[in-house]
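Please look through the structure shown here together with its sequence. The paragraphs that follow lead from strand pairing to charged side chains.

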Amino acid sequence: MFDDRYTLAYRLYPYARHADQDKDTPVRHPVVVMGGGPVGVATALDLGAQGIPCVVLDDHEGVGMGSRAICFAKRTLEIANRYGAGKPMVEKGVVWNLGKVFHKDDKVFEFNLLPEEGHEFPAFINLQQPYFESFMIERLYEMQKQGAPVEIRGKNRVDSVTVKDDHVVLEVMTPDGPYTMEADWLIGCDGANSPLRTMLGHDFTGKVFKDSFLIADIKMINDDFPTERWFWFEPTSSSGASILLHRQPDNVWRVDFQIGWDVDRKEEMKEENIRKRLDAFLGEDVDYEMVWSSIYTFQCKRMEKFRHGPVIFAGDAAHQVSPFGARGANSGMQDIDNLGWKLGLVINGQAPESLLDSYNTERVHGADENILNSTRATDFITPKSETSHIFRNAVLELSEHYEFARPLVNSGRLSLPCVYDGSPLNSADGLPHGPERTRPGAPCPDAPCPDATPGEGFLLPKLGGTFTLLTLNAEAPEGFEESGVAVTRLALNTADDKTGALAARYLGEAKSAVYLIRPDQHVAARRENFDENLFRAALRRATGKE
Amino acid sequence: MSTVTLTPNIAGGDDFYEELLNAHEGLSKEDSDSYNARLILILANHIGDRAVLSDAITAAKRKG
């Protein structure tokens with residue numbers, strides 16, 4: 001009845017009988033999350049930090065084996081840091097900056113991500129997904145100890161869902177048998193094959209790509225491979241149509257072979273056959289152990305709507321992309337960053353339910369951006385037609401000699417947070433000479449705080465969780481409240497800005513600036529000076545009341 | 001908005017045409033196709049103007 005679909009790496013939340021199971025009438029919870037993956041656990045962390053009760057149900061008892069997602073972007077680390085789980089990720093993760101692109105036998109060029117100075121977190125880290133998940137679950141237990149009303153229930157499988165007008169009824173199966181529970185809000189974080197989506201009969205449409213990829217994670221023995229990202233197009237070893245080599249912690253390398261659509265999966269997955277590919281690629285003299293392998297195909301799909309009354313979908317359950325560009329787990333984290341505070345305000349009666357429709361608007365926009373980028377990368381990596389193949393190779397051939405062609409080489413455009421341009425929560429830009437990157441809708445870029453010692457004290461940890469009024473060289477009250485939502489001021493002066501980064505990112509040509517910043521660290525409004533009426537209106541707009 | 005030039009703009013058109021064909025002389029169909037692709041990319045980058053490029057992509061669809 002309860003066969004695991006996969007092997008566990010860490011059994012972090014073993015089944016334990018819960019008092020809910022012995023009640024005569026079903027217990028109603030404000031929020032139930034289906035799925036204990038990174039997105040589901042992030043939901044609990046976001047709500048827990050706001051003091052909002054949240055129950056995560058997972059049909060397994062811990063984190064699955066296999067590195068799976070390995071590339072985590074700065075924005076994800078910033079969000080995880082807001083939840084209190086970001087720092088261990090960076091300590092464990094591998095930071096990389098240099099990428100090399102090869103075509104056939106030649107290196108055609110290399111690039112340095114050259115991360116911008118003055119950010120607390122690196123542009124990317126590589127980290128096996130089980131570590132990423134474990135850090136978040138450890139944080140959940142830590143929060144729980146500190147009194148946050150969050151929990152995760154292992155081997156609690158949702159077998160049926162009935163959607164009522166203002167709540168949801170769930171039939172949950174456990175090793176002790178079934179029980180019924182109710183939820184005001186049900187968040188579907190149950191992955192790309194979302195059973196919840198299927199149970200409720202929601203659409204999931206898009207493109208299926210006719211190619212498959214073989215992942216081999218290997219541990220190098222006496223290696224001297226550098227911490228770089230290497231991407232081969234048409235390697236002459238003919239071990240794949242393309243190959244990606246990327247370092248992870250623990251001396252493990254991800255090797256990703258593009259092996260075509262018509263393959264015998266069972267044959268390809270045999271260790272001897274994987275070793276044949278690896279040996280052809282690495283050379284016979286490289287010694288390694290196999291850690292994990294998997295064959296995947298992929299699709300670019302999304303639900304038409306992410307919110308269906310009291311049921312809200314997030315992460316892969318709502319949208320799926322190809323892995324090129326690391327836009328899967330990274331975009332799921334942004335979903336929760338966006339949803340958490342809105343759900344919190346609605347549950348606390350501080351905002352109308354319609355605020356949740358802006359989650360749909362903003363994250364559908366984000367999903368479309370991710371699907372667009374990952375589809376383009378896929379079309380470059382696996383050209384669909386002879387002509388597309390000719391152009392792809394022309395770009396690669398030119399890029400070896402001419403700089404102009406290098407930006408056209410697309411082995412994945414690495415995940416950047418989405419700017420919610422045109423969102424109904426944005427107020428018109430009142431700082432026209434301000435930097436474009438901090439326009440309304442944009443995620444706040446990090447910067448060193450002026451009064452801090454260099455390398456310490458960054459802006460982002462001072463923002464987020466609640467609404468903030470960030471003032472730069474401007475007067476404003478210490479805070480205000482508007483229809484039940486409080487704003488607190490963070491006053492900074494760029495006269496003390498040693499690096500100039502804060503001024504460059506938030507002032508531009510302007511002498512002063514006042515920003516209204518949402519709990520998810522996106523800009524809601526900005527002007528040169530504080531104007532009480534306008535900022536009150538901006539706050540009402542940002543909470544779905546205008 | 002910039003538009004693509006569709007009136008005569010190359011001095012010595014016959015010269016240019018000959019030079020273009022000469023570049024393909026002796027190439028296999030495959031090499032010619034790949035040469036064309038490289039040439040298009042170089043010219044496109046030289047033009048740079050996105051509106052002109054879109055205009056040219058549309059203009060080239062017309063066959064007669």
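**Strands, helices and charged pairs**

In chain A, strand S20 and strand S23 (residues 319-320) pair in the antiparallel sense over 2 bridges, and within this pairing A:Arg302 stands opposite A:His319 of S23(A). The model under discussion is a predicted one. S20(A), which covers residues 299-302, is also joined to strand S14 (residues 205-208) of chain A, by 4 bridges and again with the two strands running antiparallel.

Another part of chain A holds an open sheet of 5 strands, whose order is S25-S26-S24-S27-S28 and whose pairing is mixed. Its edges are formed by strand S25 (479-482) and strand S28 (523-527), each of which pairs on one side only, and from one strand to the next the twist averages 20 degrees. Inside this sheet, S24(A) and strand S27 (residues 513-517) of chain A are paired in the antiparallel sense over 5 bridges, with A:Thr471 standing opposite A:Val514 in S27(A). Helix H12 (residues 532-542) of chain A lies across S24, S25, S26, S27 and S28 of chain A, and the helix runs at about 55 degrees to S25(A).

A further open sheet in chain A has 3 strands in the order S5-S9-S6, with antiparallel pairing. Here the edge strands are S5 (71-73) and S6 (94-95), each pairing on one side only. S6(A) pairs with strand S9 (residues 124-126) of chain A in the antiparallel sense over 2 bridges, and the bridge partner that A:Val94 finds in S9(A) is A:Asn126. This sheet, too, has a helix lying across strands: helix H2 (residues 74-82) of chain A lies across S5 and S9 of chain A, and runs at about 70 degrees to S5(A).

From the backbone we can turn to the charged side chains. Over all chains, the structure holds 47 salt bridges. One of them is formed by A:Glu182 and A:Arg28, whose closest N and O atoms are 2.9 Å apart. Because A:Glu182 lies in strand S13 (residues 177-188) of chain A and A:Arg28 in strand S2 (residues 27-34) of chain A, the pair ties together parts that are 154 residues apart in sequence. The two partners can also be described by their accessibility: A:Glu182, at 17% relative accessibility, counts as buried, whereas A:Arg28 is partly exposed, with a relative accessible area of 36%.

A salt bridge also joins the side chains of A:Glu120 and A:Lys87, at 3.6 Å from N to O. This pair links distant parts of the chain, 33 residues apart, since A:Glu120 is placed in the loop between strand S8 (106-112) and S9 of chain A and A:Lys87 in helix H3 (residues 86-92) of chain A. A:Glu120 is partly exposed, with a relative accessible area of 25%, and A:Lys87 counts as partly exposed at 43% relative accessibility.

In chain B, the side chains of B:Asp33 and B:Lys29 meet in a salt bridge of 2.8 Å, N to O. These two residues are 4 residues apart in helix H2 (residues 29-47) of chain B, so they are separated by about one helical turn. B:Lys29 counts as exposed, its relative accessibility being 62%. Back in chain A, salt bridges that share partners join A:Glu482, A:Glu532, A:Arg536, A:Arg540, A:Arg541 and A:Glu546 into one network.

A:Asp446 is placed in the loop between helix H10 (386-401) and strand S24 (467-472) of chain A. A polar atom of the A:Asp446 side chain lies 3.3 Å from the backbone nitrogen of A:Leu459. Leaving aside residues up to four places away in sequence, A:Asp446 touches A:Glu78, A:Gly118, A:His119, A:Glu120, A:Phe458, A:Leu459, A:Leu460 and A:Arg505.

Note on methods: Residues are numbered from 1 along each chain as its sequence is written. Chains are lettered from A and ligands numbered from 1 in the order in which they are written. This is a predicted model: local features need pLDDT of at least 70, side-chain atom pairs count only at pLDDT 80 or more; totals for chains, interfaces and linings use all residues. Side-chain values use heavy atoms; hydrogens and water are left out. A polar contact is a pair of N or O atoms within 3.5 Å; within protein, one must be able to donate a hydrogen and the other to accept it, and residues adjacent in sequence count only if both atoms are side-chain atoms. Contact means heavy atoms within 4.5 Å. Two strands pair if DSSP finds at least two bridges between them. Axes are lines fitted to C-alpha atoms, for helices over the stretch in contact, and angles run from 0 to 180 degrees between N-to-C directions. A salt bridge is a side-chain nitrogen of Lys or Arg within 4 Å of a carboxyl oxygen of Asp or Glu. Buried means under 20% relative accessible area, exposed over 50%, partly exposed in between (1.4 Å probe, protein chains only).
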